[in-house]
Amino acid sequence: MIEQGLRLEAHEGSWMLAGPSAGQFVLVDEYLAYLADRNYSPKTVRSYGYDLLAFCRWLATEDVSLGEVTTETLLKFLHACREAKVPGRRAGPNVVTLSGRRIDRYAATTINRRLAAISGLFTFVTMRDPESINPVPKGREARWRVAGERSGMLAHTIRRPKNRSSLRLREPRRLPKALSQTQAAELLASFHTWRDRAIAGLMLYCGLRSAEVLGLNVADADIGGRWASVLGKGDRQRRVPLDADVASVIQVYLLAERPESTEQRLFLVAKGPNRGRPLTAAGLRTIFRYHRAVSGITAGHSHALRHTFGTALAEAGVDLAVMQALLGHAHVDTTARYIHLAPAHVKAEFDAARSRIRAQQ
């Protein structure tokens, strides 16, 4: 089938559609190249590419060109996304989440990301041709979360609300899931190599993302000064204090375990044909998958360690701006999610209020 022949391929540092019907969607190639020229993350460009690939495959089945897309077309596509089954996920209609959503269907976040890619594509079209009409309708300006966010000391750090499309699906707001102290200890106990201990320590005690850990160079770790230079999302660089125990583990790894290599990356593959090469994201996922099975901590994903770090900061009453700097968030409202994850403080205030109520009776 034509839509099955359409695929996404890497080409000269960017991504482009390939296949029998790729000539009908040259505009997508130009848009992805535009994103790459604007220094968007390669992962972002790739994700948008796959989102637009799904859209173009659907257009091919409907025999609709990009120039013929209307708001009605987008509504039909969103409906098709809601009804489509996730490839490779076997689940019947009776297998649902606690919210009642079937687990073999696409999540609202996935569909909204596809809509964002489509919206960006047609915004690119209107930028080149102001006379063209954008089929993605704009909604009302998003509301400020709190009335006081319009002013105040941190107003300059909070992003202004944007006009979001009225086609967007409502997304559930979930709080970051942290590990308990016992779970974190059991997971860490399953790591036996100095490299893996250092990786887990950087996430749990320094709050680094998995991509930030993999991107560390040897020169970025100042063992004596106990600082690490981290390159985060959007190529934003920050300095993170190194935990004393983590610094010691990194030092032992460098002296006793790291393979001899000309690579600048801090963490390298230790065994096999790729020995001495930088550890990849797939390799890191394999490590954590293995240790989740060994320790029995099914929630022990790499990002759960970072969430545990953020939760610990919130429970310790660390200033919000300091938390933002340590976690490397671009906006303080992202950091504010961890404030709701301080169960010890919430319970203490609840008990105090309960005692005052009972004292008045």
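1. Helix α3 against helix α5. In this predicted model, the axes of α3 and helix α5 (residues 108-128) come within 9 Å and cross at roughly 90°. Axes here are lines fitted to C-alpha atoms, for helices over the stretch in contact, and angles run from 0 to 180 degrees between N-to-C directions. α3 and α5 are therefore roughly perpendicular to each other; the classes are under 35 degrees for roughly parallel, over 145 for roughly antiparallel, 65 to 115 for roughly perpendicular, and oblique for the rest. From α3, the residues Ser47, Tyr48, Asp51, Leu52, Ala54 and Phe55 meet Arg113, Arg114, Ala116, Ala117, Ile118, Leu121 and Phe122 in α5 (contact means heavy atoms within 4.5 Å). The residues of this contact of α3 with α5 divide into 9 nonpolar, 1 polar and 3 charged. Ala, Val, Leu, Ile, Met, Phe, Trp, Tyr, Cys and Pro count as nonpolar, Asp, Glu, Lys and Arg as charged, and the others, Gly among them, as polar.

2. Basis of the model. Residues are numbered from 1 along each chain as its sequence is written, and side-chain values use heavy atoms, with hydrogens and water left out. The model is predicted, so local features need pLDDT of at least 70 and side-chain atom pairs count only at pLDDT 80 or more, while totals for chains, interfaces and linings use all residues.

3. Overall content. The protein chain has 14 helices and 7 strands; these are DSSP runs, with helices as H or I of at least four residues and strands as E of at least two, numbered from the N terminus. Of the chain's 361 residues, 38% count as buried (buried means under 20% relative accessible area, exposed over 50%, partly exposed in between, with a 1.4 Å probe and protein chains only). Among contacts in the chain with a separation of 6 or more, 53% come from residues 24 or more positions apart.

4. Helix α2 against helix α3. The axes of helix α2 (residues 26-37) and helix α3 (residues 42-62) come within 10 Å, with a crossing angle of roughly 165°. The two helices are therefore roughly antiparallel to each other. Their crossing is right-handed; a crossing is right-handed if the near helix is turned clockwise from the far one by less than a right angle, and left-handed if anticlockwise. On the α2 side the contact is made by Val28, Tyr31, Leu32, Leu35 and Ala36, and on the α3 side by Val45, Tyr48, Gly49, Leu52 and Cys56. By class, the contact of α2 with α3 has 9 nonpolar, 1 polar and no charged residues.

5. Leu8. This residue lies in strand β1 (residues 7-11). Leu8 is buried, with a relative accessible area of 9%. Leaving aside neighbours within four places in sequence, Leu8 is in contact with Trp15, Met16, Leu17, Leu32, Arg46, Gly49, Tyr50 and Leu53. Leu8 and Ala22 are 14 residues apart in sequence and 9.5 Å apart in space, C-alpha to C-alpha.

6. Helix α11 against helix α12. The axes of helix α11 (residues 302-315) and helix α12 (residues 320-327) come within 10 Å and cross at roughly 160°. That makes α11 roughly antiparallel to α12. α11 passes α12 in a right-handed crossing. In α11, Arg306, Phe309, Gly310, Leu313 and Ala314 meet Met323, Leu326 and Leu327 of α12. The contact of α11 with α12 divides into 6 nonpolar, 1 polar and 1 charged residue.

7. His307. Helix α11 also holds His307. At a relative accessible area of 13%, His307 is buried. Outside four places in sequence, His307 is in contact with Pro176, Lys177, Ala178 and Tyr338.

8. Arg209. The loop between α7 (194-206) and α8 (210-214) contains Arg209. Arg209 is buried, with a relative accessible area of 10%. The side chains of Arg209 and Glu212 are joined by a polar contact of 2.5 Å; this term covers a pair of N or O atoms within 3.5 Å where, within protein, one must be able to donate a hydrogen and the other to accept it, and residues adjacent in sequence count only if both atoms are side-chain atoms. Not counting residues up to four places away in sequence, Arg209 touches Gly232, Lys233, Arg238, His303, Arg306, Leu327, Gly328 and His329.

9. Positive phi. Most residues other than glycine have a negative phi. Asp63, not a glycine, has a positive phi of about 55°. Asp63 sits in the loop between α3 and α4 (71-83) and counts as exposed at 68% relative accessibility. Arg226, also not a glycine, has a positive phi of about 55°. The place of Arg226 is the loop between β5 (221-222) and β6 (227-231), and Arg226 is partly exposed, with a relative accessible area of 43%.
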